[in-house]
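Open the model in a viewer and keep the selection tool at hand. The tour below goes from stop to stop, saying what to select and what is there.

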Amino acid sequence: MFETLDTIKPALRELITQLRKEYAYASVLAVADDARSWRIGKSGVSIGTSGLGGGDGFVVRVFDKKGVAEYSFNAFSMEDIPAVKEALASRLTAPENTPLLATPIPADEPATLKEVSPCKILPSDLGDEAILAKLRTLREKGLAFNERIMDVIVSSSYRSCRKLFLSENRDLDQTVTWMTASLVVLASRGEEIKDYYRPYSVLGGAEVLDAMEADVEQVASYALELLDSQPIPPGEYDCICDPDTTGMIVHEAFGHGVEMDMFVKDRALAAKCLGDYVASEQVTMHDGNAVSQTATMFFDDEGTLTTDTVVIDKGILRTGMCDALSAARLGVAPTGNGRRESYERKAYARMTNTYFTGGTATPEEMIASVKYGFLLENPSSGMEDPKNWGIQCMVTIAREIKDGALTGKIFSPIVLTGYVPDLLKSVTMMSDTVELSGSGYCGKGYKEWVKVSDGGPYMKARIRLG
């Protein structure tokens, strides 16, 4: 399908030409996918493709003076143009007495682009057997670490996706390849079982597997360490968040709340706080292509070129992340955050690479500054309430800090809660290094899954734990 897009492109161009005779704006997004996953554990070996990409297909969008319509399909030729036109016309006929949301015609400034993301080792070149051999070696090394290790699950997946976006004035072409991997180690003592998970991700290919070997024994030791963990006494503590935990706070505490389709629907408190201090001056938040991770793209699914969006600037909320339709309705410029789960699904305002910038401290200096508190590591899940700015996240480990030093005592599992502005205004230190992880997906509510990455520096804040 990657090469087929070049063959189909003239017909797509003709479709745009014909649609422009009837509509003020017309565009088409064409998608070609290649995806694969591998997994080895006690239950066996599996190779699959489900859940990694949206498949091969097309979505056409048109605007008239009243509204916008879309139509998606998975096969196309010059002969299909009349049927596509008829389908779009039927979608622009609203039921009688149905109020329409005013939608200005989007700008269509001229742009031409062709980009391919870097990739050292294409997984398709390496092949299934070579990848499984690497994963099998990692698993065996983990199992041999200690007799209490009951299973080591190693997995990896990749997606290579080519997208064409065409309009009257735009001709955009991108191919992006990412690969992720993970280690899960399960340790047991009697009937008690604990597990520790470590993810890996790269904007690239099978080179990500090389980063795993040095970590296998450490991940196994952390799983064993969890067998001696205790429940944490609930309370508010000085905390040092590792970069992954910082990333979860970025994503859950302030990511969804500034997706600006929520502004249109009046479902986000952030809409009323633009220009206000919502965090301490230590906090600057970015989304976009200033860094390279699995959510990197050169244009979004609405043909907006991506860039670097500064959401929070030294504590002040400057803007949100906006898709083209929401931007038109809000009277602002789109930020390149219009993303679809697949060509069959609607575009929503979604995060990409979202992170806090670093400061000047070292992690050691940050730990030394804590009289009593915790180093938080290895987040597992989170959720937020954009309308009320509440947050609840799960973290696997809290390492006790007393008089500026780690005591060796750990607590698990940890629930992190709070009111977002209170948490972010309590930030007093940021480390001088920034790390992002892009192993996961993000849903809009409970669906509409897209690839994201998040992260930041080590961060010191006052946080409620339980």
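Start at the surface: select L101, V264, L330 and V332, which form a nonpolar patch with about 290 Å² of accessible area together. Patches are built from residues with over 30% relative accessible area and no salt bridge, joining nonpolar side chains (Val, Leu, Ile, Met, Phe, Trp, Tyr) within 5 Å and like charges within 9 Å. A salt bridge here is a side-chain nitrogen of Lys or Arg within 4 Å of a carboxyl oxygen of Asp or Glu. Areas come from the Shrake-Rupley method with a 1.4 Å probe, and for residues only the protein chains shown count as cover.

This is a predicted model, in which local features need pLDDT of at least 70 and side-chain atom pairs count only at pLDDT 80 or more, while totals for chains, interfaces and linings use all residues. Residues are numbered from 1 along each chain as its sequence is written, and side-chain values use heavy atoms, with hydrogens and water left out.

Stay on L330, which lies in helix α8 (residues 324-330). Helices (H or I, at least four residues) and strands (E, at least two) are DSSP runs, numbered from the N terminus. L330 has a relative accessible area of 34% and is partly exposed; buried means under 20%, exposed over 50%, and partly exposed in between.

Next, the cysteines. The structure holds 0 disulfides, a disulfide being a pair of cysteine sulfur atoms within 2.5 Å. Select C119: the nearest cysteine sulfur, that of C161, is 14 Å away. C119 is partly exposed, at 29% relative accessibility. Then select C273, which is buried at 15%. Its closest cysteine sulfur, in C322, is 17 Å away, too far for a bond.

Now select helix α5 (residues 216-226), where V216, V219, A220, Y222, A223, L224 and L226 are buried. Among the elements that cover these residues are α4 (128-143), β6 (149-167) and β17 (390-402).

Which strand is largely enclosed by the rest of the structure? Select β25 (residues 459-465), where 5 of the 7 residues are buried.

- β9 (residues 235-241) runs antiparallel to β25, joined by 7 bridges; C241 has M459 as its bridge partner.
- β19 (residues 414-419) pairs with β25 in the antiparallel sense over 2 bridges, and T417 stands opposite R464.
- β20 (residues 429-430) is also antiparallel to β25, over 2 bridges, with M429 opposite K460.

Notes. Buried means under 20% relative accessible area, exposed over 50%, partly exposed in between (1.4 Å probe, protein chains only). Contact means heavy atoms within 4.5 Å. Two strands pair if DSSP finds at least two bridges between them.
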